[in-house]
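Morning, everyone. Please hold comments until the end.

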Amino acid sequence: MNKSDSILSQPIKIGNLTATNRFVINAMECGDSNEKGEFTPSVVNRYKKLFEGNAGIVFFESVTLQLESKARKNQLLLNPYDPENIENWRAFVKDLKEVNPNVLLIVQINHGGEKSSDVFSRKFCPKPVFGIGGEMVSEEYIDKMIDSFVDASKVLYDIGVDGVDLKYGHGYMICNILRPYNDRDWKYGGSWENRSRVPFEITERVRKEIPDKNFLVGSKITMWERFPGGFGTAGPDTPVLDLTEPLDLIKGLEERGSDFFMESCVPSIPGRNYPEFVYDHFTMSKIMKEAVKPETVIIGGTYSILNNGNNSLGYLPPEQKSLFYWANKNIQDNYADMIAIGRQSLADALLPQKFLTGREEEINWCIGCNICEKLLHSQNKVGCVTYYKEYMDIYKQSQKK
Ligand SMILES: Cc1cc2nc3c(=O)[nH]c(=O)nc-3n(C[C@H](O)[C@H](O)[C@H](O)COP(=O)(O)O)c2cc1C
Ligand code: SF4
């Protein structure tokens with residue numbers, strides 16, 4: 001595919017800002033902070049490389065707002081009440097903007113919820129799920145969490161970040177609250193009005209307290225969790241898809257000032273055994289696009305498994321199996337405005353730049369082995385084992401334990 005005839009090379013307006021092309025780097029935790037959640041050289045170098053890569057937007061990985069509820073042992077911390085932590089963030093953002101001022105930076109903030117740990121943090125949840133568990137939180141706890149999301153967003157705005165991804169998906173706290181499974185009788189459970197209260201309040205407050213459309217507000221949403229009572233199901237005891245609540249969520253968030261949504265659904269990291277799961281993601285992205293105003297940007301997720309077409313998608317000639325083919329087609333068909341790469345950005349942080357400068361043959365393609373995901377879940381430092389020996393060594397070492 002030639003870059004000059006590709007919509008992927010074209011700019012797009014998002015809020016009052018412009019992304020210079022349609023590539024987005026998806027949020028990718030790499031477990032390379034330290035136990036205090038500080039920046040390390042590894043974190044800084046990773047993002048500098050991504051900024052060199054010249055994607056329209058880089059999403060900064062999932063950041064915890066308090067160590068107590070972190071989901072990873074070495075997760076990055078943004079503490080909106082700690083001046084030293086804020087100054088470190090300010091310096092980091094300044095460094096990145098010096099590398100490439102054209103890339104928009106959006107930071108994903110979260111509360112770990114049931115994704116937190118019993119070992120290195122505390123696992124909190126609205127209602128324990130079988131096999132995961134956790135301490136049930138009080139209404140006061142959630143009220144404070146809402147404040148921390150708003151205060152952290154204000155810090156991000158103040159230090160020159162372009163936007164915030166208020167994480168409402170992927171099994172983190174707000175996703176736990178949104179589920180029909182959260183049928184507990186409390187301010188934040190039971191009826192949809194109660195379950196949607198937290199994200200609606202956070203987005204509304206963030207937009208009102210930062211009334212500058214040069215600061216982007218949006219969320220990554222898991223449209224369907226694919227288990228009984230998960231988000232996007234028809235009730236607390238059925239896995240059957242029902243998008244009434246996910247669609248009401250994104251419309252309600254849009255009304256309250258969201259500029260963008262990043263698509264996700266389960267399986268959120270499909271492997272190479274069944275690449276056809278990408279079609280679920282294309283479908284969700286199309287449904288989201290149809291539900292929102294034309295100016296609200298929908299970022300299609302989960303393109304990595306497509307790579308250069310070296311995948312087992314059936315019924316297609318080789319030239320119609322690749323990431324570039326489907327990214328281009330889905331944007332042309334108005335099923336997405338931009339497309340995100342997660343694993344592929346670990347395999348090659350420079351993909352957008354290589355595409356934009358006609359050097360596609362130099363791209364290191366992700367093969368979908370999902371060992372990076374295994375490293376993440378085993379609390380190791382994460383990277384691509386296919387192209388970086390350092391990470392293969394870490395993986396082999398972890399297998400010996
Ligand atoms: C190692 C690893 C780390 C991830 N970290 C995050 C994260 O911090 N936040 C998030 O929303 N999703 C995270 N994800 C999910 C990705 O952002 C993305 O949704 C998923 O990998 C599918 O996209 P892909 O096919 O382009 O890889 C992570 C996935 C992996 C494999
Ligand atoms: S480790 Fe495997 S899945 Fe992860 S980025 Fe590398 S090739 Fe892709």
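Domains to begin with. This is a predicted model, and its protein chain is divided into domain 1, residues 3-363, and domain 2, residues 369-401. Their centres, taken over C-alpha atoms, are separated by 23 Å. How many residues of domain 1 are in contact with domain 2? Eleven, and they meet twelve residues of domain 2. On the domain 1 side, the touching residues are four nonpolar, two polar and five charged.

Now ligand 2. Its shell takes at least three residues from each of domain 1 and domain 2. In total, 13 residues surround the ligand. The closest are Arg343, Cys366, Cys369, Cys372 and Cys384. Which elements give two or more residues to this shell? Helix 10, 343-347, and helix 12, 371-377. Helix 10 gives the most, with three residues. By class, the shell around ligand 2 has nine nonpolar residues, three polar and one charged.

Start with helix 6, residues 197-209. Those 13 residues should span 18 Å at 1.5 Å a residue, and the end C-alpha atoms are 18 Å apart, so expectation and model agree. Which residues of helix 6 are buried? Val198, Pro199, Ile202, Thr203 and Val206. Look down the axis of helix 6: the buried residues fall within an arc of 120°, so they line one face. An α-helix has 3.6 residues a turn, so residues three or four places apart point the same way. And what does the buried side of helix 6 pack against? Two of the partners are strands: strand 8, 163-166, and strand 9, 216-222. The others are helix 3 at 139-158, helix 4 at 173-178 and helix 7 at 244-255.

On to helix 8, residues 278-291. It has 14 residues, which should span 20 Å at 1.5 Å a residue; the ends, C-alpha to C-alpha, are 20 Å apart, so that agrees. Buried in helix 8 are Val278, His281, Phe282, Met284, Ser285, Met288 and Lys289. Down the helix 8 axis, the buried set falls within an arc of 165°, so these residues line one face. Turned away from that buried side are the exposed residues Tyr279 and Glu290. The cover over the buried residues of helix 8 includes helix 7, strand 12 at 260-264, strand 13 at 297-300 and helix 9 at 323-332.

One link to take away. Over to you for comments.

Definitions and conventions. Residues numbered from 1 in each chain as written. Chains lettered and ligands numbered in written order. Predicted model: local features only at pLDDT ≥ 70, side-chain atom pairs only at ≥ 80, totals over all residues. Helix = DSSP H or I, 4+ residues; strand = E, 2+ residues; numbered from the N terminus. Expected span 1.5 Å × (residues − 1). Buried ≥ 20, exposed ≤ 12 C-beta atoms within 10 Å, placed from the backbone. Arc of directions from axis to C-beta. Contact = placed C-beta atoms within 7 Å. Near = placed C-beta within 6 Å. Nonpolar A, V, L, I, M, F, W, Y, C, P; charged D, E, K, R; others polar. Domains from an automatic or database assignment.
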